Structure formats: C-alpha cells, structure tokens
Amino acid sequence: MNAHPDADTGLPAEDGAALAPAAQGSTGGGRRRLKPGERRLQILQALATMLEQPGAERITTAALAARLELSEAALYRHFASKAQMFEGLIDFIEQSVFTLTNQIGEREGNARLRACRIVAVVLQFGERNPGMVRVMVGDALVFEHQRLIQRMAMFFDRIESQLKACLRSADSPDGLPGSALDAQIRASVLTSFALGRLQRFARSGFKRLPTEHLEASLQLLASARADGTL
C-alpha cells in the first residue's frame with residue numbers, strides 16, 4: 001500500500017504503521033521461494049491494496065487470486081476463508097493502533113493532550129492505510145461475517161474507553177476535576193469525530209484527508225463543555 005505523508009496537524013506525529021507491499025523479486029528468471037508466512041502477508045497486502053480501489057467494498061477470492069497470479073486453492077492453503085483474511089487485516093489494525101496508544105499513555109503526562117493524541121493516531125493510521133479504512137468503517141465487511149463487524153465495533157469501544165480514562169483524570173475547562181459523566185460524553189464525541197473523519201475519507205475516494213485541520217478541530221472538541229457551552 002502507498003503511505004501518505006504525515007499531515008501538518010501541529011501534534012507530534014506518531015510512528016504510524018503501514019502495510020507496505022512485499023517485494024516480488026525473482027532469481028534466474030523464476031519466482032523466488034517465499035519464506036514461511038511471507039505468502040500469507042502477501043495475500044493480506046494484496047487485499048488491502050484492492051480495497052483502495054473505487055467500488056471495492058466487495059472483493060471475491062477469485063479476483064484476489066487473479067491479482068496474485070495464484071489459484072483460489074492456493075489462497076485457502078493459507079487462510080481457511082475470506083473472513084479469516086479480513087481477521088488478519090483487523091489484527092494488523094489493532095496491533096498497530098493500540099501499540100501506539102499504549103505508548104502515548106506511558107509518555108504523555110497531560111491527560112487532555114493524551115486524549116487528543118490517541119485520536120490523532122487513529123486518523124493518521126487511516127490516512128497511511130486507505131484500504132484499511134474500508135475495514136475500520138465497516139464498508140468492506142457488509143457482505144462478510146457479522147463477527148467481523150462486531151470486532152471493529154469493539155475496536156472503537158476500546159478507543160472510547162481509553163479516551164474516557166484519559167479525560168476522567170483531566171481537569172475540566174473551568175479548572176475543576178472532570179466528572180465521570182463529563183469524561184464519558186467527551187470520549188463519545190471524540191470517538192464519533194474519529195469515526196466520522198474515517199468515513200468521510202473513504203466515501204470521498206480518499207480525497208478528504210482525515211487529519212484535515214486536525215489540531216484546530218481537537219482543540220475545539222477538547223475545550224467544549226459537556227453542557228454544550230464553550
């Protein structure tokens with residue numbers, strides 16, 4: 001997959017992960033022998049790349065096999081089903097994003113800034129991995145197994161829980177300790193903002209970047225009071 005350059009968000013850029021294409025080198029005019037696990041990764045890379053194309057919400061194993069110049073039987077030697085391929089992409093999303101958000105929790109002392117950086121990580125990851133965004137927002141999972149949709153819902157629930165924990169320990173804009181309800185509302189708004197930005201990115205054909213005006217947007221959301229005033 002192609003990685004987008006870091007957007008100018010004003011926030012320190014995290015080390016975002018991108019599922020880059022595997023080298024397809026050959027020796028002596030023939031295909032080189034792949035290392036164990038390399039074909040599996042190659043299949044996931046091809047699937048993610050295909051998801052970047054317009055109208056790619058539903059990808060068949062036949063189309064995926066043709067792209068890789070393999071038989072469908074060869075695909076099923078590495079994955080028991082297409083659903084398992086999507087689970088591989090979700091594994092990558094979860095491991096990449098939560099590794100970074102956990103690092104933020106360890107390094108950043110300011111609770112409100114920590115919450116903003118968690119949102120930034122989610123959006124920067126999506127910007128670098130457009131095909132993954134179709135999985136994150138569920139577009140690529142509509143015709144797949146329900147458990148995959150539930151798993152992505154749990155991903156955003158976990159993001160919201162991390163945000164709530166950050167904001168519960170932060171002072172409110174008027175300098176008073178934040179309440180549990182205030183933290184819950186703010187975490188819900190920030191999670192919805194992140195999901196909405198990713199949905200807009202996918203549905204604009206990956207033209208409207210999710211990190212557009214990110215610093216200003218997060219400052220506005222972080223400074224708003226739960227009662228609706230600023």
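In the predicted model, Ala-111, Arg-112, Arg-114, Ala-115, Ile-118, Val-119 and Val-122 of helix H5 are in contact (heavy atoms within 4.5 Å) with Phe-156, Ile-159, Gln-162, Leu-163, Cys-166 and Leu-167 of H7. By class, this contact comprises ten nonpolar, one polar and two charged residues. The axes of H5 (residues 111–128) and H7, taken as lines fitted to C-alpha atoms over the stretch in contact, come within 8 Å and cross at roughly 160 degrees. H5 is therefore roughly antiparallel to H7, a term applied to angles over 145 degrees, and the crossing is left-handed, the near helix being turned anticlockwise from the far one by less than a right angle.

The model is predicted, and local features require pLDDT of at least 70, side-chain atom pairs count only at pLDDT 80 or more, and totals for chains, interfaces and linings use all residues. Residues are numbered from 1 along each chain as its sequence is written, and side-chain values use heavy atoms, with hydrogens and water left out.

Helices H6 (130–136), H7 (146–168) and H8 (180–203) each supply at least two lining residues, and the largest share, five residues, comes from H7. The lining has nine nonpolar, three polar and one charged residues.

How values were computed:
Helices (H or I, at least four residues) and strands (E, at least two) are DSSP runs, numbered from the N terminus. Ala, Val, Leu, Ile, Met, Phe, Trp, Tyr, Cys and Pro count as nonpolar, Asp, Glu, Lys and Arg as charged, and the others, Gly among them, as polar. Axes are lines fitted to C-alpha atoms, for helices over the stretch in contact, and angles run from 0 to 180 degrees between N-to-C directions. Angles under 35 degrees count as roughly parallel, over 145 as roughly antiparallel, 65 to 115 as roughly perpendicular and the rest as oblique.
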